[in-house]
Structures are given as C-alpha cells and as structure tokens.
Amino acid sequence: MSRRLRLLFAAIGLAALVWLLIATLERGLALAQRFMALPAGMRWLVGLLLAAIALAGLAVGVWWLRPRKPRAPVQAPDRPSLESRLATLRESGADVEELRSELDELDRRRVLDELHVAVFGEISTGKSTLIAALVPSAQVQSDPRGGTTRVVAHYDGMAPDGTKWVVADVPGSAEAGGEARERMARDEALRAHAVVYVCAGDLTRAQASELQWLGDFGKPLVLAINKADQWTAQERTQIAHRLRASAGGIPDAVVLVSAGGEERFTRRLADGGTEEVRRQRKPQIDELTTALRQLVSAGKAALEPARENAVLAGLHERTSALETAQRTAEAERIVTRYARRAIVGAMAAVAPGTDLVIQGALAAGLVRALADLYGVRVTDVEIEALLRQVRMTLRTGTSVVLAVAGNALKAFPGLGTLGGGVLHAFAYALVFDSLGKALAITLAERQQLDQAEAGERMRALLDDTRGNRLRQLAELTTDALRDR
C-alpha cells in the first residue's frame with residue numbers, strides 16, 4: 001500500500017471518529033435538555049434509576065476484575081482410613097502392593113533432606129534438555145527407590161539457594177499408546193514438592209487439562225515456555241501474555257526459557273564447499289531458576305504437608321477406582337449366581353407357556369445382595385415395590401422375552417429342541433441378568449434404590465439382542481441344566 005493511500009485511510013478514519021464524537025455529544029446534550037424539562041419529581045426518579053444502573057455496572061466490573069482466590073486443593077482422607085480400605089481390598093483378593101509401595105515411598109521421602117522437583121509435560125517439549133541445563137553435573141543413575149518406576153529418572157543436584165534437590169525426568173504425556181507411562185509421570189508429579197510444567201508454545205486443550213489437574217492437587221507449579229530463543233522479543237511478550245491469561249492463575253509463575261541443546265547447520269566455506277557443524281546452544285533459564293528459588297524458599301518442612309496431601313489424594317482416587325472395579329466384578333458374580341438359581345428353579349417349577357412372572361424369593365435375594373454390596377439400605381417395602389414394577393414389565397413383555405429367548409436358542413443346535421422348559425429357563429436367565437445389571441448400575445450411580453431408573457435400564461437390557469450377551473446366557477443355561 002502506498003504512503004498516500006495510507007494517509008487517505010487515516011484521514012477518513014479520523015474524520016469518522018470526530019463525527020462520531022460530535023454526534024454523541026449532540027445526543028447527550030439533547031437528552032440532558034429533555035431531562036431538565038421533566039418535572040422535579042420525575043427528574044429525581046430518573047436520576048435515581050440511572051445512578052442505580054451505574055452502580056450496578058460498577059459492581060459487576062469490580063467483581064469481574066477482582067483477584068481470583070486460588071482454589072483449595074483436593075483434600076485427601078486421613079491415612080488410617082486409607083490403610084483400612086487397602087486392607088479390606090487385600091482381603092478380597094485385590095492386588096494392592098503398588099498402592100502400599102506408594103505409602104512406603106511417601107514415608108521414605110519424608111525423612112530425607114531432599115527437595116523433589118518433577119519436570120512434567122508432553123513429549124517433544126524439551127524436558128530432558130531442560131533438566132540437563134538445571135543440573136549440568138548430573139548423570140543418569142539406576143534408581144532402586146521404592147515405589148518409583150525405573151522409567152522415571154532422578155538427577156541429584158543443588159537448588160539455586162544451595163539446597164540439595166532431586167530433579168525427576170518423567171515420561172512425556174500425549175504419547176500414542178503411552179497411557180501406563182503417563183500414569184507413572186502423574187504419580188511422580190504428585191510425589192514431588194514442586195512441578196515444572198514444560199510447553200513449547202500456546203497451550204493445547206490436553207495441556208490445559210493437565211495444568212488444571214496439577215492445580216486441583218495444589219502442586220506448587222511453574223509453567224516454563226521452552227524454545228523461547230526461536231521467537232522475537234515481541235512474540236515472546238505476546239505468547240507469555242496469552243499463556244498467563246489461558247492458564248487461569250493456576251501456575252505460581254509463568255517463565256520463558258531456552259533449554260539449549262545441540263543444533264546442527266550447514267556452513268558454506270570460502271572455497272565454495274560446505275561442512276556440517278554441530279554446536280551447543282547456551283541455555284537461558286535464569287527466569288526459571290529465580291521462580292524455583294521463590295517457590296521452594298519456604299523449605300522442605302513447609303512444603304511437605306502439601307506434598308503428602310497430594311500423594312494421599314492421588315492414592316484415594318486410585319483406591320476408589322480399584323474398589324469400584326472390585327464391586328463391579330462382585331456384582332457380576334452375584335447376578336450370575338442368582339441367574340443360575342433362577343434357571344434351575346424355572347425347570348423345576350414353571351410349566352411351558354405360562355406367564356413369565358419372576359420368582360419372588362430369588363429376586364428379593366438378588367436385590368438384597370446387590371444393596372449390601374453397594375452399602376445401600378433397602379426396606380422390604382421398597383423391594384416389594386420394585387418387584388411389582390418388574391412383574392408388570394414382564395407381564396406386558398412376555399411375548400417379547402420369549403421371542404428373544406427362542407431366537408437365541410436357535411443358534412445352539414440340539415438345545416432348542418429340548419422343549420419349552422429350556423426356553424423358559426433361558427428366559428429366566430435373561431430376566432435375572434437384566435434385572436441384576438440394571439439394579440447394580442443404578443445402585444452404583446445413585447447410591448439408593450431408584451425404582452424408576454432401574455426399571456428403565458431393565459427394559460433396555462431386555463431389548464438388547466446382541467449376540468455375545470445372549471450366547472453367554474445360553475452357555476450359562478446349558479451349564480446350569482447339566483449340573484442340576
């Protein structure tokens with residue numbers, strides 16, 4: 001664009017701005033004249049209304065711009081209750097050795113005079129190179145530390161204030177097929193007194209989620225933007241500003257760094273030839289070391305309670321997940337056990353062609369067993385109300401259940417020719433399996449006996465004609481009939 005054209009656009013813009021200001025002033029004067037022409041009482045009323053609107057707008061602005069208080073970290077349960085839960089899981093046959101070793105590692109680090117700093121982030125952001133800059137004299141050592149996986153490398157060094165620290169290089173996240181390694185990295189981040197989260201530009205959605213996760217556990221945190229030497233001064237300022245805004249106040253500090261490392265380039269020689277050159281770039285980590293110095297200045301003793309809370313909170317989540325898996329597996333066993341009993345009972349007492357009305361005693365036993373498993377107290381009245389609803393569902397859907405059962409048995413040569421008793425037995429297996437699974441899901445989610453939701457889930461499961469499920473029920477039917 002030529003200089004004259006730019007001046008023309010500037011002049012047009014200035015003229016438009018002047019016109020807008022004049023029009024606004026004129027409109028304001030006109031409104032003021034109309035306001036003064038109002039009766040005194042009306043002027044007071046309008047004035048008070050305008051003042052209230054202005055004060056409300058000011059209050060909203062102050063609230064919006066107020067400093068945000070940091071969220072309280074996730075509170076962990078007390079250690080005795082956590083150990084009791086682990087003991088219960090061990091008695092039920094669950095493998096809790098990894099969780100127990102985490103508690104041992106917690107105790108081991110508590111008595112050591114070491115500050116632990118974890119360098120965390122996605123793959124290919126320069127974490128290992130940054131560690132080499134932070135601890136230039138460190139060498140990789142085989143690490144037999146209890147509770148720490150061997151893919152987490154530890155480097156012993158000195159903090160900026162002369163305190164001994166251990167810097168952990170953890171596997172990068174967002175690696176295809178690296179879920180197990182990512183979990184190891186997260187566990188080490190919780191074990192550390194402070195975390196350096198490394199990124200190489202604007203935050204992705206996954207990186208923002210990881211920052212949020214660290215913030216939820218209250219980890220002292222520095223967000224380090226690596227490879228800053230690749231940008232101009234203006235770009236560095238813009239990126240740092242965007243990241244401070246998008247990080248939502250979670251990091252204690254946001255710094256720009258260059259981890260250095262090796263660079264390669266081709267140099268042209270005076271004789272016209274070329275040569276490949278390798279050289280080490282000088283790291284620029286002054287901002288990071290300053291931020292870390294401030295972050296750990298309180299000392300290990302002051303940082304230890306927050307570290308222990310984070311480790312115990314992480315263990316609480318993992319223990320809850322294991323408890324859920326154990327309960328789910330036990331619920332499957334309970335449902336299968338009662339479905340098997342219903343099959344045998346159907347062959348003994350139900351004549352082919354009669355209405356498919358659920359066996360009350362077995363159904364009540366199934367409800368009580370699942371309720372006990374999920375720690376939900378149910379009364380006889382609630383159980384009877386649920387079974388009435390189930391009976392109504394089955395009376396109105398008998399033909400559908402029997403049709404599904406008949407079609408499933410056709411897939412098993414010889415089984416479908418044994419008569420209506422087998423058909424009824426398979427139908428009972430389908431009914432009990434549907435009722436039990438619907439009830440288990442409802443109790444797990446609601447922590448109460450929600451009859452309406454359990455009924456809806458049961459209807460959906462009765463309509464589920466997937467081959468794998470029907471095949472498993474048919475095999476259960478044949479096994480039960482063979483063993484009776």
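How many helices and strands does the protein chain have? The protein chain has 16 helices and eight strands. Helices (H or I, at least four residues) and strands (E, at least two) are DSSP runs, numbered from the N terminus. The model is predicted: local features require pLDDT of at least 70, side-chain atom pairs count only at pLDDT 80 or more, and totals for chains, interfaces and linings use all residues. Residues are numbered from 1 along each chain as its sequence is written, and side-chain values use heavy atoms, with hydrogens and water left out.

Of the 484 residues of the protein chain, 40% are buried. Buried denotes under 20% relative accessible area, exposed over 50%, and partly exposed in between (1.4 Å probe, protein chains only). Among contacts (heavy atoms within 4.5 Å) between residues at least 6 apart in sequence, 74% join residues at least 24 apart.

Six strands form an open sheet in the order E2-E3-E1-E4-E5-E6, and the pairing is mixed. The twist averages 25 degrees from one strand to the next. Two strands pair if DSSP finds at least two bridges between them.

Strand E3 (residues 164-169) is mostly covered, with five of its six residues buried. E3 pairs with E1 (residues 115-121) in the parallel sense over five bridges. Here Ala168 of E3 is the bridge partner of Ala118. E3 also pairs with E2 (residues 153-158), in the antiparallel sense over six bridges. In that pairing, Asp169 of E3 partners Ala153.

Strands E4 (residues 194-199) and E5 (residues 221-225) pair in the parallel sense over five bridges. Cys199 has Ile225 of E5 as its bridge partner. Helix H8 (residues 233-246) lies across E4, E5 and E6 and runs at about 145 degrees to E5.

The axes of helices H6 (residues 179-191) and H7 (residues 205-216) come within 11 Å and cross at roughly 35 degrees. Axes are lines fitted to C-alpha atoms, for helices over the stretch in contact; angles run from 0 to 180 degrees between N-to-C directions. The contact is made by Glu182, Arg186, Ala189 and Leu190 of H6 and by Glu210, Trp213 and Leu214 of H7.
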